Amino acid sequence: MWRTLLLGKLSISILASFVVGGICVTQPSRHAYGMTESARWIGVGIFFLTLGAAQVAVIIFLMNRKN
């Protein structure tokens with residue numbers, strides 16, 4: 001039962017991480033930011049995209065794990 005709850009929470013968190021990461025990476029192209037601001041937006045976006053990928057790896061690990 002705890003796996004189901006954990007996977008449900010991780011699924012929501014993964015979706016949120018990819019959405020926020022995608023928005024942050026594309027934000028500098030929508031607005032005229034300077035180099036520093038663009039790098040900050042892209043850095044935050046890469047962080048959230050990496051976080052989402054790490055959470056997908058955790059789900060794969062939990063699914064392949066034997067009792």
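Select Gly34 and Glu37 together: the backbone nitrogen of Gly34 lies 3.2 Å from a polar atom of the Glu37 side chain, a polar contact, that is, a pair of N or O atoms within 3.5 Å in which, within protein, one must be able to donate a hydrogen and the other to accept it, with residues adjacent in sequence counting only if both atoms are side-chain atoms. This is a predicted model, in which local features need pLDDT of at least 70 and side-chain atom pairs count only at pLDDT 80 or more, while totals for chains, interfaces and linings use all residues. Residues are numbered from 1 along each chain as its sequence is written, and side-chain values use heavy atoms, with hydrogens and water left out.

Staying with Glu37, you are in helix 2, helices being DSSP runs of H or I with at least four residues, numbered from the N terminus. Glu37 is partly exposed at 37% relative accessible area, where buried means under 20%, exposed over 50% and partly exposed in between (1.4 Å probe, protein chains only). The Gln55 side chain makes a polar contact with that of Ser13 at 2.9 Å.

Finally, select Leu7, Leu10, Ile14, Ile59 and Leu62, the five residues of the largest nonpolar core, meaning buried Ala, Val, Leu, Ile, Met, Phe, Trp, Tyr and Cys residues joined through side-chain atoms within 4.5 Å.

Definitions and conventions. Helices (H or I, at least four residues) and strands (E, at least two) are DSSP runs, numbered from the N terminus.
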